[in-house]
Amino acid sequence: MSQHQPTSRQVTHPALDDTAAAMETRAELVDRAREVLDGNWMGRYTRPSQALYPHQWSWDSAFIAIGRAWHDPARARQELETLFEAQWTTGMVPSIVFDPTAPPDAYFPGPQVWQSERSPAAPHGRPTSGITQPPIHARAALEVHRHAKPADRALSLAWLARLYPRLVAQQRYLAATRDPGGRGLAAIVHPWESGLDDSPAWDRDFHRIAVPAGALPAYRRRDLDHAAAADRPTDADYERFLYLLTLERAARYEDSQVLAATPFLMVDPLFNAILLWSAHALADIARLIGADPAPHLAEAHRLHEALVGELWVTHRRRFCAWDLRRDQREPEDSIVSFGPLLDPDLPPEIVAAICRELESPSFHPRPGGSHYLVPTYSERAADFDPDRYWRGPVWLNTNWLLWHGLRQHGRIGLANEVVASSIELVRRSGFREYYDPLDGSGHGSDRFSWSAALLIDFALAGHGAPDSG
Ligand code: 2M8
């Protein structure tokens, strides 16, 4: 792959613009975003996109609910309820809930490959994947409730109270069952669990996995029917994704067996920062419904200590993913390192170090250079790829998470730049799945639901003020 030279570009950073014309553009984008969401509404949930992702995905639904909450709180509530109906008895929320009305070949690997019915913990009669995704749902539920109109407040509180035990079960599952060494952090057993599937953050570990000859039957990648091969994970990575799936399936998705045997066992700073942020959200929800917030605050504190104690690597000035199999902290300079900004108690010197990196030429080339924020991988890395999936492009969900993290630490200037870039990318290229940070072109799916949902939140809430309560 080529070494990119950002300094040859002449695009400047977009800045937040509050002129009447800019506000009108934002209002138009919000209208279009609502159309995208309505077009992807499937009756009880929203698919991420029509062709590439025709089922319900876990963290997509959380982001979608956050955007929908502005205009359609009933559907936002339904979205999360539908997802949690498929929660496993272990507390795990599956990464995919398959839609039985979608054609059997619509997505690969589909329900026939996952065979979730092999696990007694899976919901009966409701095929799902056998792994999870980042636990952003408590935060999403809180955001949805905050949008409730005064007349709907009682109804919304009752909804929160119904969801609360399920959110707690999800949190407990990750904090207890997924912490094999008792280090206070949740491990993921498949890169798909991170949501940032082929991120370079775990290349060193993931690329060491050798798929034995004959381990996989012949298959056809359906994703390549709907997206350019150069924008998607490589065939070699796909092969490893599927191989891990077959190992987990052979263990009937039984957690202790999977944890003992999987060759991929990673502690991701972004996943754990989301877990921590959701623990704070659970404390807020507990207060709202008259439950005890103390256990959630204790959990958030424990996660804070473990994040800083285990994943902050002082000599690299960076949070690193931790490969538990080799006991190595991965040195790759990717967006997962910035996730801990979601921790409200992060020490100021660590916040400052993260912001320095975010403002460095790796992620934020200076004027005279490009560009759009925030690339998912350092532009100075030899294998930075501006168009391939999680290996360089800008994604609006990681931008949304960083925007919240930056705001809560008072980094309003940088937070506003992230918002401005996000809105400008949609204005230029539409509701794409991800965007080239150098030229702003769109890649992957079109009419992608979380890009639409988060555009709404950026456009309507993205102006400076830190989070309220
Ligand atoms: C992508 O992941 C799926 C596998 O779960 C895929 O590539 O087929 C990721 O971007 C993930 O974060 C996202 O939730 C999913 C649906 O949008 O697509």
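Predicted model: local features only at pLDDT ≥ 70, side-chain atom pairs only at ≥ 80, totals over all residues.
A nonpolar core is a set of buried Ala, Val, Leu, Ile, Met, Phe, Trp, Tyr and Cys residues joined through side-chain atoms within 4.5 Å.

1. **The core.** The largest nonpolar core has 138 residues, and the members that touch the most others are F63, L358, W400, L401 and L455. Helix 12 (residues 269–289) gives the most to this core, with 11 residues. As background, nonpolar side chains tend to be buried together in soluble globular proteins.

2. **Helix 2 against helix 15.** Two packed helices are described by the angle between their axes and the distance between the axes. For helix 2 (residues 58–68) and helix 15 (residues 396–408), the angle is about 65 degrees and the axes are 12 Å apart. Their crossing is left-handed. On the helix 2 side the contact is made by W59, F63 and I66, which meet N397, W400 and L401 of helix 15. Five of the residues in this contact are nonpolar and one is polar, with no charged residue.

3. **Helix 2 against helix 17.** Helix 2 also packs on helix 17, at an angle of about 35 degrees and with the axes 7 Å apart. This crossing, too, is left-handed. From helix 2 come W59, D60, F63, I64, I66 and G67, and from helix 17 come S449, W450, A453, L454, I456 and D457. By class, the contact has eight nonpolar, two polar and two charged residues.

4. Leaving aside neighbours within four places in sequence, S61 is in contact with Q56, E79 and L80.

5. **Helix 5, an enclosed helix.** Helix 5 (residues 137–146) is largely enclosed by the rest of the structure, because nine of its 10 residues are buried. The buried residues include the charged-class R139 and E143 as well as A138, L142 and V144. Around them, the packing partners are helix 2, helix 3 (73–85), helix 6 (153–177), helix 12, helix 15 and helix 17 (449–461).

6. **Salt bridges.** How many salt bridges does the structure hold? There are 28. One of them joins the side chains of R221 and D223, at 2.7 Å from N to O, and both of these residues are buried. Another links E299 and R302, whose closest N and O atoms are 2.8 Å apart. E299 and R302 sit three residues apart in helix 13 (residues 294–311), about one turn of the helix. E299 counts as buried because its relative accessibility is 13%, whereas R302, at 34%, counts as partly exposed. D385 and R388 form a further salt bridge, at 3.7 Å from N to O, and both are buried.

7. **S360 in its loop.** S360 is found in the loop between helix 14 (348–358) and helix 15. At 10% relative accessible area, S360 is buried. Apart from neighbours within four places in sequence, S360 is in contact with P365 and R380.

8. **Backbone points to check.** Most residues other than glycine have a negative phi, and most peptide bonds are trans. The bond from F108 to P109 is cis, with omega near 0 degrees; P109 is in the loop between strand 2 (96–97) and helix 4 (111–114). The bond from L373 to V374 is also cis, with omega near -10 degrees, and V374 is in the loop between helix 14 and helix 15. R317, in the loop between strand 4 (312–313) and strand 5 (318–319), has a positive phi of about 55 degrees. R447, in the loop between strand 9 (442–443) and helix 17, has a positive phi of about 50 degrees. R317 is partly exposed, at 40% relative accessibility, and R447 is partly exposed as well, at 44%.

Technical notes: Residues numbered from 1 in each chain as written. Heavy atoms only, no water. Axes fitted to C-alpha atoms, helices over the stretch in contact; angles between N-to-C directions. Helix = DSSP H or I, 4+ residues; strand = E, 2+ residues; numbered from the N terminus. Left-handed = near helix turned anticlockwise from the far one by under 90°. Contact = heavy atoms within 4.5 Å. Salt bridge = Lys/Arg side-chain N within 4 Å of Asp/Glu carboxyl O. Buried < 20%, exposed > 50% of the residue type's maximum accessible area, 1.4 Å probe, protein only.
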